[in-house]
Amino acid sequence: MRTIMKNKLLHYLRTGILFLGILITVSSCEKEELITQNYQEESNFSKISFSELPSEFLPEVKELKTNYYSKSKQDDNLLIYDKQQVIKLVDSIKNTRYSVKFNIQNQPYNVLYNLILGKDVYGKKQEPFIIKYTINNFNEVYLNGKYDFSKMKGSIAIHKYYPFLSYLDNLKKTAHNKTEDGLIEDDPCSEYNNDGSSVGSSGRGSSSVSDPLEAEENQVQFEEPPGGVATSDGDATCNINLWYSSNTDLDNLFAITWSCTDGTKGNLDVKKSGKTDSLDCIKEGDVPVNEGEEEMFEIDIENTEKIDPKEELKCFDATKNAKLTIYVQQPLENSNEVYTGSNGPGHAFIGIEQNNITRNLGFYPVKEANRALIGVGKTYDSEIRSNNDYMYHISISKNITNTQLQTIMEYIRNAPNKYNVNSFACADFAIAIGNLAGLGLPSTTVNKYLFNGRSPGTLGQEIRQINSNNEVTVSKIKANSPNKTGECK
Amino acid sequence: MKIKIIIALLLYISCVGIQRNKEAVLIKEFIIKLNDSKVSSKSILDNFIQIEEDKDNSLSLSDRKSSIIEIIEKIRDPKIQGNSLFPKYALDSIKNFNIYPLKEYENLSKYKFSGMNILREDAFILLDDKKKNILQYFLLNKEHNKIISFSLFVKTDVAWFLEY
C-alpha cells in the first residue's frame with residue numbers, strides 16, 4: 001500500500017514538474033518575444049477618405065480644389081492636399097467636424113494647414129475655417145514621418161474661411177506674375193503660441209504647465225467645451241481641447257489640453273499673440289487636426305505602375321509637335337544631396353504632352369519576386385514605370401518638333417534594358433531624353449559614398465540655374481506632375 | 001504516451017521561442033550599438049554585418065565595407081535628416097524592442113518590396129511600442145545570425161534592401 005502511494009506521489013510529482021517546466025518555458029518565450037498588447041480604445045473619431053465626406057461639404061472642397069489646385073496647370077497648383085485621409089470627429093455633444101490637411105506651395109516645411117468643416121448636433125452646417133499650425137521645433141515633432149503634437153512648440157492661428165481664400169487668390173496672382181513679393185495672410189481671428197517652454201505630455205516630456213483647472217486660482221473663469229483638436233499621429237489619436245474663458249471680457253482661448261488613445265495626456269499653455277475674437281471664428285465643438293498620413297506627400301501606388309512604353313507612346317501623333325518636360329525630385333529640396341533627405345535618392349522622370357494626351361515615364365530597376373537587394377555597383381534589368389501625379393521640386397519644359405518627338409519616342413521604346421545606379425539610372429534616362437529635345441542638360445557625375453553617377457540632387461540644382469526664356473520654361477515650385485490623360489485608340 | 005506528446009510539444013515550443021528570440025536578440029543588440037556612438041562603426045561591421053566578395057559587383061569589398069561605416073556614421077550624425085537609407089528614430093522612446101518577421105506585419109509597410117519570396121523568410125522589422133509603425137527594416141542571412149542590410153533603397157513606393 002505504501003509503495004502504491006509512493007508511486008502515485010512520484011507520478012504526480014513528475015507530472016507537476018513537467019507542467020511547471022512547460023509553464024516556465026512558455027512564459028519565458030512570451031517574455032522574449034517582447035510582445036506588447038495592442039492598444040485598443042474606443043474613440044469618437046475616424047479616418048475617412050475624400051469620397052466619404054458628406055456632400056454638403058463638397059462646395060468648400062471643390063472651391064479650394066478648382067481654384068487653387070490644378071493637375072494640368074502647374075503654376076496654378078498652389079495647394080497640395082493630403083488625399084489619403086480626412087479626420088472625422090464626433091465630440092461628446094455630438095457635433096461633427098472634419099479636417100482636411102493641405103500645404104501651400106513654397107510655405108516653410110514646418111507649416112501645415114487644416115480646413116475644418118462641420119455641423120452641429122442638429123445637423124446645421126457651420127462656417128468652415130482654417131487652422132494654421134506653425135511648428136517651431138519641427139525636428140522634435142516630426143520624427144519618422146509622423147507628427148507628435150504633444151511636443152509642439154509654436155503657434156496655432158485660426159483663420160476665417162473667406163478672408164483666407166482672398167489670401168490664396170493673391171498668392172496665386174503672385175505665382176503667375178513670378179514675383180518674389182511676399183504676401184501677408186489675412187489677419188487670423190485668433191492666434192496663440194506656447195513660446196516654447198510649456199509643452200508637456202505625461203510619459204513623453206516634462207510638463208511645466210499646471211492643469212487648466214488650476215487657472216481658477218488666477219480668478220479666471222472658464223468652461224469646457226468649446227473646442228478640441230483630434231490628432232492622429234499614426235499610432236495614437238489625440239483629442240485636444242481648447243479652453244476658453246467664460247468671462248465675456250476674456251473671451252479667448254488660453255490653454256490647450258489633450259488626451260490620446262495611448263493614455264498620454266498633456267497641456268499646452270497658450271499665450272495669445274494675435275487678435276482674439278476667437279468665438280467669432282470657432283464655434284463650440286471639437287476640432288479634428290489632420291497632420292496627414294505618415295509622409296508629408298503621399299504618392300498613390302497606382303501612379304507608378306510598370307508600363308509598356310510601346311503601348312503608351314502609341315497615343316502620340318508622331319507627325320505633330322508636342323511638349324516635353326523633365327521633372328526632378330531632389331533627395332533634399334534645393335540641395336545637391338545625393339541620399340540624405342526625406343526623399344531618399346530622389347528621382348528624375350519625363351513627361352510628354354500633346355493635345356489632351358499626357359504621359360509621364362521614369363526609368364527603374366525591375367521589381368522581381370526573387371531579388372530583395374539592390375547594390376550600387378551591380379547591374380539589373382530595367383523597366384519603365386509611370387510617374388503620374390508624382391511630386392517633383394523642379395521641372396524644365398520645351399516645345400518639341402515632330403522630328404524630335406519621333407527621336408524621343410524611338411529612344412524610349414528602345415531604352416537601355418539594364419539599370420545600374422552608377423552607370424545608367426533614372427537621371428541618365430531623363431538627361432538623355434532632355435538632350436534629344438535640345439535642352440543641353442549637363443551630365444555631371446557625382447562621387448559620394450559608393451555612388452558615382454548622375455544624381456537627381458545635382459541635376460535639380462543644375463536646372464535651377466537655368467532661367468525661363470522663349471524656348472524653355474523652368475518651374476522652381478514644388479508640385480506634382482500632371483496625371484495621365486487621354487487614351488490610345 | 002501523453003507525456004511523450006507533451007514533451008514533444010514542449011520541445012517544439014522551446015525551439016520556436018529560441019529561434020524567434022535569436023533574431024530579436026541579434027537585432028536588438030545591433031540597434032543599441034548602432035545608436036551608441038561609443039561603439040566603433042568598425043566593430044558593428046565586424047560583429048553584426050555579413051558582407052562577402054561578389055564578382056558581379058564592380059566595387060571592391062573594402063569600398064563596400066567603407067560604405068557601411070559611412071552609413072553608420074551618417075545615422076549617428078544629428079545634423080543628417082534620416083530616411084529609409086539612413087534610418088533614424090528616437091531610440092529613447094522605445095520601451096520594448098518589438099522585433100518580428102516582416103511577413104507578419106506586411107500590411108504596415110508603406111513600400112512594395114522587390115523580392116518578397118526572400119523577404120518572407122529573412123526580413124525582420126522593428127516596430128514602435130504600439131506596433132502601428134515600422135521603424136526599421138532588416139534583412140538577415142540564411143542562418144539568421146548576421147545582418148545583410150539595415151537600410152532601404154526606395155524608388156517611389158518600391159523598395160529594395162540596399163546591398164552594401
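**B:Phe124 has B:Phe138 as its bridge partner in S4(B).** The model is predicted, so local features are given only at pLDDT of at least 70 and side-chain atom pairs count only at pLDDT 80 or more, while totals for chains, interfaces and linings use all residues. Residues are numbered from 1 along each chain as its sequence is written, with chains lettered from A and ligands numbered from 1 in the order in which they are written. Helices (H or I, at least four residues) and strands (E, at least two) are DSSP runs, numbered from the N terminus. Strand S3 (residues 123-127) and strand S4 (residues 134-140) of chain B are joined by five bridges in the antiparallel sense; two strands pair if DSSP finds at least two bridges between them.

**S3 and S4 belong to an open sheet of four strands in chain B, ordered S1-S3-S4-S5.** The pairing in this sheet is antiparallel. Strands S1 (98-101) and S5 (147-149) of chain B are at the edges with a single partner strand each, so one side of each has no neighbour in the sheet. On average, neighbouring strands of this sheet are turned by 40° against each other, direction ignored. Axes are lines fitted to C-alpha atoms, for helices over the stretch in contact, and angles run from 0 to 180 degrees between N-to-C directions.

**Strand S7 (residues 158-163) of chain B is mostly covered, with five of its six residues buried.** A residue is buried if 20 or more other C-beta atoms lie within 10 Å of its own, exposed if 12 or fewer, and partly exposed in between, with C-beta atoms placed from the backbone. S6 (residues 152-155) of chain B runs antiparallel to S7(B) and is joined to it by four bridges; here B:Phe153 stands opposite B:Trp160. The hairpin of S6(B) and S7(B) has two residues between the strands, and B:Thr156 takes a positive phi near 60° in it. S2 (residues 112-113) of chain B runs parallel to S7(B), with two bridges, and B:Lys112 is opposite B:Val158.

**S7(B) also pairs with a strand of chain A, S19 (residues 373-375).** The two strands run parallel and are joined by three bridges. The bridge partner of A:Leu373 in S7(B) is B:Phe161.

**B:Ile32 is located in helix H1 (residues 2-34) of chain B.** This residue is partly exposed, with 13 other C-beta atoms within 10 Å. B:Leu91 is 59 residues away along the chain, and its C-alpha atom is separated from that of B:Ile32 by 8.2 Å. Chain B as a whole has four helices and seven strands, in the sequence pattern α-α-α-β-β-α-β-β-β-β-β. Of its 164 residues, 35% are buried.

**Seven strands of chain A form an open sheet in the order S23-S20-S18-S17-S16-S22-S26.** The pairing is antiparallel. S23 (418-420) and S26 of chain A are the edge strands, each with a single partner strand, so one side of each is left without a neighbour in the sheet. From one strand to the next, the twist averages 30°. S20 (residues 379-386) of chain A pairs with S23(A) over three bridges in the antiparallel sense, and A:Thr379 has A:Asn420 as its bridge partner in S23(A).

**Helix H9 (residues 456-464) of chain A lies across S16, S17, S22 and S26 of that chain.** H9(A) runs at about 125° to S16(A). Its buried residues are A:Pro456, A:Gly457, A:Thr458, A:Leu459, A:Gly460 and A:Ile463. Among the elements that cover them are S16 (322-329), S22 (394-400), helix H8 (426-436) and strand S24 (446-448) of chain A.

**Helix H8 of chain A is largely enclosed by the rest of the structure, because nine of its eleven residues are buried.** Those residues include A:Cys426, A:Asp428, A:Phe429, A:Ile431 and A:Ile433. The cover over the buried residues of H8(A) includes S16, S17, S18 (357-365), helix H7 (402-413) and H9 of chain A. Just after H8(A), A:Gly438 takes a positive phi of about 85°. Over the whole of chain A, 41% of the 489 residues are buried. Among contacts in chain A with a separation of 6 or more, 68% are between residues 24 or more positions apart; two residues are in contact if their C-beta atoms, placed from the backbone, lie within 7 Å.
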